[in-house]
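Subject: Structure handover

Hello,

Here is the structure for you to pick up. My notes follow below.

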Amino acid sequence: MNIKLWPGNPYPLGAHWDGNGTNFAIFSENATRIELCLFDNQGKETRVPLTEVSNYIWHGYIPGINPGQQYGFRVDGIHEPLEGYRFNPAKLLIDPYAKAIASDVEHGEAIFGYPWDNEEQDLARSDLDDAPWVPKAVVINESFDWEGDQLLRHPWHETIIYEVHVKGFTKKHPGIPEKLRGTYAGLGHEAAISHLKALGITAVELLPIHHFFAQQGHLLDRGLSNYWGYDSLNYFAPYSGYSSTGTQGQQVNEFKQMVKSLHQAGIEVILDVVYNHTGEGNQLGPTLSLRGIDNQAYYRLDEEYPRYYMDFTGCGNSLNVSHPQVLKLIMDSLRYWVLEMHVDGFRFDLAAALARELYEVGTLATFFDIIHQDPVLSDVKLIAEPWDLGLGGYQVGQFPLLWSEWNGKYRDEMRDFWRGLDSSLSSFASRFTGSSDLYQNVGKRPHASINFITAHDGFTLSDLVSYNHKHNHANGEDNQDGETHNRSWNCGDEEDEGSTDKPEVLALREKQKRNLLTTLLLSQGVPMMLGGDEMGRTQQGNNNAYCQDNEISWFDWNLTPGNQDLLTFAQRLIKFRHEHPVFRRRKWFQGQEIHGLGVSDIAWFNPDGEEMTEEQWDAGTIKAINIFLHGEAIEAPDPHGNRLIDNSFLLLFNAEPDLLEFTIPEPFQSFSWKVAIDTTKTHWLEQGKVYKGDDIIVSVEGRSLTILQSM
């Protein structure tokens, strides 16, 4: 290969093709030599030393290097692990700014920076060349015809999120061509989109699609792989394993086409992003990218023993967000996904770790300040998983303005309520009305609360009501992995764990699914559904299916009659939410206290029709409540400034095991009411029972929810 190297430019970082050649640029503060490694179609490597360095950015331009060219870097410098330096030119490194990566890492001794048989472990340096095992970055042509596509910018209060895995959703879908199943093109296929549109969700939240370390050794030994993808190796490249078109960079345009198709259907795309750690793990992990480029700059090292890593994530390392270049990497990545890939927002995995500039979590950390000042990122959807695994890492309700949060307190409260656990009604009421106790006093609105019952990490909805205990034996860890305290109930006895033939248990499980879905979709805040819950997806009791790239995780589209009924119920429930603005208010209910007297837009009653007393709110043993929502007291206008008027509703919650008689409260007995929803019914009510005049007693079956709508 005839190479002529020009000085090039330090910006942009990564590989940038301008139509005539390609500029390469990479940051390393402590390196002494960097070689650009170019690979031909037979895998032959040509090494080109980068001799230009500007502000720690090594760069060069090569004419004639075109899209499709595969490349990597070799970085030399001090090898002194005790001091945190881990340079090793024998290791081919993935460009942190690569826009496409050709394939997966292949596991083997060569990808580690130390020899496996050395008694010093990571203190020694391995001279094994790992180029055959490490995927190559790919130069791409970034042009794409978006045909006028723009971010959808659905208002938060109208948003319904559907958390889903690109591969798992489409892998077995019979309406998608087989070669497209499990891919970006599969998710963008009309058969996949028709399901999402019919369901009524407004946004898909995709489990990680940044290129990740899939073939990890400890999983390969058990015949498993990193299915969820929470071990990123690059923050710009879409994972090549979800591409249907090959490995030469086509996955970028395939991802863009998927986004464009979803946008055309009115569906936003939110990415689950993992900027808190990488797949290189701790000091015994492989050297694949940042560790070899500049370990001291990119990772949080133990100040006293820099051989070791600070680990706030449980994954071996934490990114050093106090370093300007690491912040730049994250911000450049986020802006790229918005501006070039048209992504509508982000959910930040273990976001508390990003707020640890020193050790403690600080919500005024530089990371948040930069995002708030950024004209691109301050205007997209930002969702925090508001915890990490470090001390003081549980930060629900503590993230700054602009941020919404996965509300773990909502999940726990609603699970406990419907399984009949003693808890205060005041807590239930706070969660149901948007968690004002967490968000109102800091200037946020109800959409700050991302409400969810289930998520990828834990039981599916079907398993939540079918298992008392996790059943993770397929993971090969003796059922020791995954959450033990799930707040689940199998709706029967221990002998009914999982499969059962008892009709009363099966009927209760179906009712509990409808109870939980109805509660979720009618709560104030932003509902998030776990993909597949709408049609009874099960993982056979596995609550930690991170390594199950198989039928345990893949959607089963052959629906039983019961699962088809549940799907129909979910579709009509979401339609009901869209039709009634009283369930998706932009602003808080009025009053100093959530159950205060004189509140005109909401009121709280006992089953006997009397208002709740202070003692009852905090008793912890009452499991039934009647909530009045006033449809003519919606403070915020519609987008055109017009007054919003809706029906009024009475929501009759009965988590007791037995039937209760609810009395319609005296102020509302002059109304005419019809049953809009009854969760004892497997099908949606086209025309429910009507209550008017002297007919003021409503029978509500045990463990069920009845919604009365004013006529």
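First, a term: a polar contact is a pair of N or O atoms within 3.5 Å; within protein, one must be able to donate a hydrogen and the other to accept it, and residues adjacent in sequence count only if both atoms are side-chain atoms. Ser-318 gives an example: a polar atom of its side chain lies 3.1 Å from the backbone oxygen of Met-310.

Some ground rules. This is a predicted model, where local features need pLDDT of at least 70, side-chain atom pairs count only at pLDDT 80 or more, and totals for chains, interfaces and linings use all residues. Residues are numbered from 1 along each chain as its sequence is written, and side-chain values use heavy atoms, with hydrogens and water left out.

Domains. The bounds come from an automatic or database domain assignment. That assignment gives domain 1 (14-139), domain 2 (156-582) and domain 3 (590-710). The C-alpha centres of domain 1 and domain 3 are 63 Å apart.

Ser-318. Helices (H or I, at least four residues) and strands (E, at least two) are DSSP runs, numbered from the N terminus. Ser-318 sits in the loop between helix 6 (290-298) and helix 7 (324-339). Its relative accessible area is 2%, so Ser-318 is buried (under 20% relative accessible area; exposed is over 50%, partly exposed in between; 1.4 Å probe, protein chains only). Contact means heavy atoms within 4.5 Å. Leaving out residues up to four places away in sequence, Ser-318 touches Asn-276, Tyr-298 and Phe-312, among others.

Helix 8 (residues 366-373). The buried residues here are Phe-367, Phe-368 and Ile-371. Seen down the helix axis, they fall within an arc of 95°, so they line one face of helix 8. The arc is that of the directions from the helix axis to the C-beta atoms. These residues pack against helix 7, strand 14 (345-348), strand 15 and strand 16.

Parallel strands. Two strands pair if DSSP finds at least two bridges between them. Strand 15 (residues 381-384) runs parallel to strand 16 (residues 403-406), joined by three bridges. Ile-383 has Ser-404 as its bridge partner in strand 16. Strand 16 also pairs in the parallel sense with strand 17 (residues 449-452), over two bridges. There, Trp-406 has Ile-450 as its partner.

Six strands form an open sheet in the order 19-20-21-26-23-24. Strand 19 (602-605) and strand 24 (690-691) are the edges, each pairing on one side only. Strand 21 (residues 649-654) and strand 26 (residues 704-710) share six antiparallel bridges.

Best wishes
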